[in-house]
Amino acid sequence: MNAPVGDTFATLSMESKVVLFSLAFVWVYLVITAVVSWTKSTARWIHDLLGFGLDEEEMLGIKHHKKGGNRSKSKSKSKSKSKSGNGGKVNKPAGDATSSDTSETPWGVGQQREVASSVVPKKPLKTHKKPQHAAEKNHPLHINTLKGHTDAVNMVSFSGNGSTVVTACDDATVRVFRLDSGATCRAPRTLRIPLDRDATGACFANVAALDDPAATDGIVVMGTSGLGETRLVSFTIYDAAGKPPEVRWDKKSAMDGKTAISLSCGGGGEGIGVGGAPIRIPPVAVCSSDQTGIRVWAVDSGVEIGRFDTLQFKNHNAAVSMNGNMIAVSTFTSEVKIWLVLRSKQGAPMGVDSKRAAMTLKGHRSAVNWVQFSPCSTRAVTVSKDKTLKLWNLSVRYDVGEDPKVLASVDLSDECGAGRMPTRVALSAAGVAAVMIGNSLVFYKISHGLAGTSVKLARVDAPHGSGAAVKWMEWSQTPHAIDGDAVEVLATAGSDKRVSLWRSPRS
């Protein structure tokens, strides 16, 4: 008769027990390792299937500032900030800002950064190959380059009248370029506004004020610290030489500790009030976090008028319509939801209808990487991981549940070889869509008749040089006079420390 298992184990020697325990431990370790490996493989397969691959943030150019990283940099910034006195108080000069880009005394951090850059390292620094700018120099569509940045340019934006460009750069500086002679201006007047952290976003507040001189007198700036803290600041800027900008309001913890990945402003133009009288539509600013949060501010007052959660796991970007009445958010899903900005009878922004989205853009088969409104605010354009571009009609009866319809769908698969994906899109007033696909800038003329056709107009390979990424692009709403013609102009911001201006291809 067989002995019980317990009795058999008890009769074993100590050495035998140790061997058995060791074998059991190894077996359990192998099983756990196999399960973890299978789980990761399954997760990756699901991610790729649903359209939000693990490398998506890098593909979209999203910059994350991880907590605990770059501590020495954040410490030097905080020390310099404490020495600078009242660096961020409201209605105080933001720093000495003149037409020279090198004669400034930076606001809060400039002195510390200069000292840090003068330290001689113990080991020789690795030399990095500079991007080649053959495309921008030789391509017939390239018309100008805005220089002076000392690090990657994260965002570029035109004023409503197209006469001024604002940029946000990783060198903790916002720059304002006055294009006095138009887009071909070779020596624009430059205003430099230092920050206490990397500038990750900048746009004009009254973006819809096309002919109003006030179109260039206010900007909203977004900055991100080394710890991922987002700061939102509104500046009043002056055209007079030597007069520094003033801080209108300052939100030092705009996203409650979360990192913002996009900034957009809308409004500031003219609307129709009670009785048909023309009124100004005060602008709003929208920030999207790198998670699912959205924040909305009234630009004139700096009051937060709304916050909501997209409930879509991860945001890609948030955009405000030019009239300041709609907010669209692209996420990892195949749908884009649009929320309404609630306004008073006098046009003042009162809040956001965050309980439910007013409209949903349905038609993509995979994650939507970018969404943008048309200048007329009646269209929207999206690009997706399903390798398509879609133009949407927003003039629908959303109050009775009608969703926007697709006016045109463009197959981008011929440009999406070798893992290339469309990551950004911008639509001009004349219907020319600029799309970043991999490291190529491709222009399409989109017609939205009954057939909804499109024509590829031009392609610029490596617009900012080999190895340099395009981090933002935007069309000027107002055409520029070039060689006697009224030409639409596209601005692109790159990791090569430059902003390039491109003319729209002839269709």
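Predicted model: local features only at pLDDT ≥ 70, side-chain atom pairs only at ≥ 80, totals over all residues.
Start with the interior. In soluble globular proteins, nonpolar side chains tend to be buried together. Here the largest nonpolar core holds 68 residues. Seven of them have the most contacts inside this core: Val-174, Ile-219, Leu-232, Phe-235, Leu-389, Leu-412 and Leu-501.

Set aside its neighbours within four places in sequence, and Val-174 still touches a list of residues. Val-166, Thr-167, Leu-191 and Arg-192 are among them.

Now turn to the aromatic rings. A pair of aromatic rings is described by the distance of the centres and the angle of the planes. The model has 4 aromatic pairs. One of them joins Trp-370 and Trp-472. Their centres are 5.4 Å apart, and their planes stand at 80 degrees. That makes the pair edge-to-face, because the angle is over 60 degrees. Trp-370 belongs to strand S21 (residues 368–373), and Trp-472 to strand S29 (residues 470–475). The pair links distant parts of the chain, 102 residues apart. Both Trp-370 and Trp-472 are buried.

Phe-443 and Trp-475 form another edge-to-face pair, at 6.2 Å centre to centre and 70 degrees between the planes. Phe-443 lies in strand S27 (residues 440–446) and Trp-475 in strand S29, so this pair ties together parts 32 residues apart in sequence.

The charged end of Arg-424 sits over the ring of Trp-370, 4.5 Å from the ring centre. Likewise, the charged end of Lys-243 sits over the ring of Tyr-238, 4.0 Å from the centre.

Strand S29 leads on to a sheet. This open sheet has 4 strands in the order S1-S33-S32-S29, and the pairing is antiparallel. Strands S1 (142–146) and S29 each have a single partner strand, so one side of each is left without a neighbour in the sheet. From one strand to the next, the twist averages 20 degrees. Inside the sheet, 5 bridges join strand S32 (residues 489–494) to strand S33 (residues 499–503). Leu-490 has Trp-502 in S33 as its bridge partner.

Terms used:
Residues numbered from 1 in each chain as written. Heavy atoms only, no water. Core = buried A, V, L, I, M, F, W, Y, C linked by side-chain atoms within 4.5 Å. Buried < 20%, exposed > 50% of the residue type's maximum accessible area, 1.4 Å probe, protein only. Contact = heavy atoms within 4.5 Å. Phe/Tyr/Trp six-rings, centres within 6.5 Å; stacked < 30°, edge-to-face > 60°. Helix = DSSP H or I, 4+ residues; strand = E, 2+ residues; numbered from the N terminus. Lys NZ or Arg CZ within 6 Å of the ring centre and 35° of its normal. Pairing = 2+ DSSP bridges. Axes fitted to C-alpha atoms, helices over the stretch in contact; angles between N-to-C directions.
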